Amino acid sequence: MNVVMTIAGSDSGGGAGIQADLKTFQELDVFGTSVITALTAQNTLGVHDILATTPEFVRAQAEAVLADFPVRAVKTGMLASHEIIREIAEILSMRDLKLVVDPVMVAKGGAQLLGMGAVRDLRDYLIPLSSVITPNIPEAEVLTGMPIRHERQIEKAAEHLLRLGTGCVVMKGGHMDDLDFATDTVYFANGHSFKMTTKRVKTRHTHGTGCTFSAAITAFLGQGRTAEESILEAKQFIQQAIEQELGLGSGNGPTNHFAYKKSSKKCEVEIVEA
């Protein structure tokens, strides 16, 4: 049995964070373990309260799991504080694991989830350990200090992030201005790159898309697939989760984690060498 881990915050609404990650792991036939960095009181209308876990208890959770389970891949999401980031980085630096970093900074409803001190530690301590990082455009702007408005700026920001030590950067393009298509550009440290383009889905049910996408990459890495294979198949997973909406909630509703397994055919993702 392939075992993976998520280190993230709990979403009481079930659409993002630990809950979304574990649903994704289950759907992709890997055994999911978890380390909870924060509790949130939230629903599709927004985050109403946050209670951070202590760094010591985060370490206790991680060490307990890693001492007993053969974890092959780990993803991080909401990390809440720079103290937690440093604890996680120290623990993971001592183990040979595939690490996916989803640099969660702001909730879909706009709540700030990570301060600038924590952003610096994310950049300095955790990203250098990662196999893959999955920033959206606003997150990449914060991590690099660069404005990103067009393709050349996306490339320059990715080059900056690769110099931090990660093996691969997935620059998610959902925040760009194209009304018809969404394009993610994938850059590897070895110089290889490609683009994944899908039709933009007109829906408000996109809560947890980043968590789910990075969790799917983690699951496929945990199965032993390459980073490129994992990213491409994870794109299938999240695109189908968005296209086949559940229609839950009055605000930004969750994606459909059941869609990938229930679909009889793959969705249309155009792959172009960058």
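Predicted model: local features only at pLDDT ≥ 70, side-chain atom pairs only at ≥ 80, totals over all residues.
The expected span of a helix is 1.5 Å times one less than its number of residues.

How much of H8 is covered? Mostly, it turns out: twelve of the 17 residues in H8 are buried.

Helix H7, residues 209-222, can be checked in a similar way. Its 14 residues should span 20 Å at 1.5 Å a residue, and its end C-alpha atoms are 20 Å apart, which agrees. As for cover, 14 of the 14 residues of H7 are buried. H7 is followed by Gly224, a residue with a positive phi near 100°.

Let us now turn to a pair of helices. Two packed helices are described by the angle between their axes and the distance between the axes. For helix H2 (residues 55-68) and helix H3 (residues 82-93), the axes come within 9 Å and cross at roughly 25°. Angles under 35 degrees count as roughly parallel, so H2 is roughly parallel to H3. The crossing of H2 with H3 is right-handed.

Which residues of H2 and H3 meet? On the H2 side they are Pro55, Val58, Arg59, Ala62, Glu63 and Leu66, and their partners in H3 are Glu83, Ile84, Glu87, Ile88, Glu90 and Ile91. By type, the residues of this contact between H2 and H3 divide into seven nonpolar and five charged, with no polar ones.

Asp29 sits in the loop between helix H1 (17-27) and strand S2 (31-43). The phi of Asp29 is positive, near 65°, in a residue other than glycine. Is Asp29 buried or exposed? Its relative accessibility is 53%, so Asp29 counts as exposed.

The other loop lies between strand S4 (71-76) and H3, and there you will find Ala80. Ala80 is not a glycine, yet its phi is positive, at about 75°. With a relative accessible area of 23%, Ala80 is partly exposed.

Methods
Residues numbered from 1 in each chain as written. Heavy atoms only, no water. Axes fitted to C-alpha atoms, helices over the stretch in contact; angles between N-to-C directions. Helix = DSSP H or I, 4+ residues; strand = E, 2+ residues; numbered from the N terminus. Parallel < 35°, antiparallel > 145°, perpendicular 65-115°, else oblique. Left-handed = near helix turned anticlockwise from the far one by under 90°. Contact = heavy atoms within 4.5 Å. Nonpolar A, V, L, I, M, F, W, Y, C, P; charged D, E, K, R; others polar. Buried < 20%, exposed > 50% of the residue type's maximum accessible area, 1.4 Å probe, protein only.
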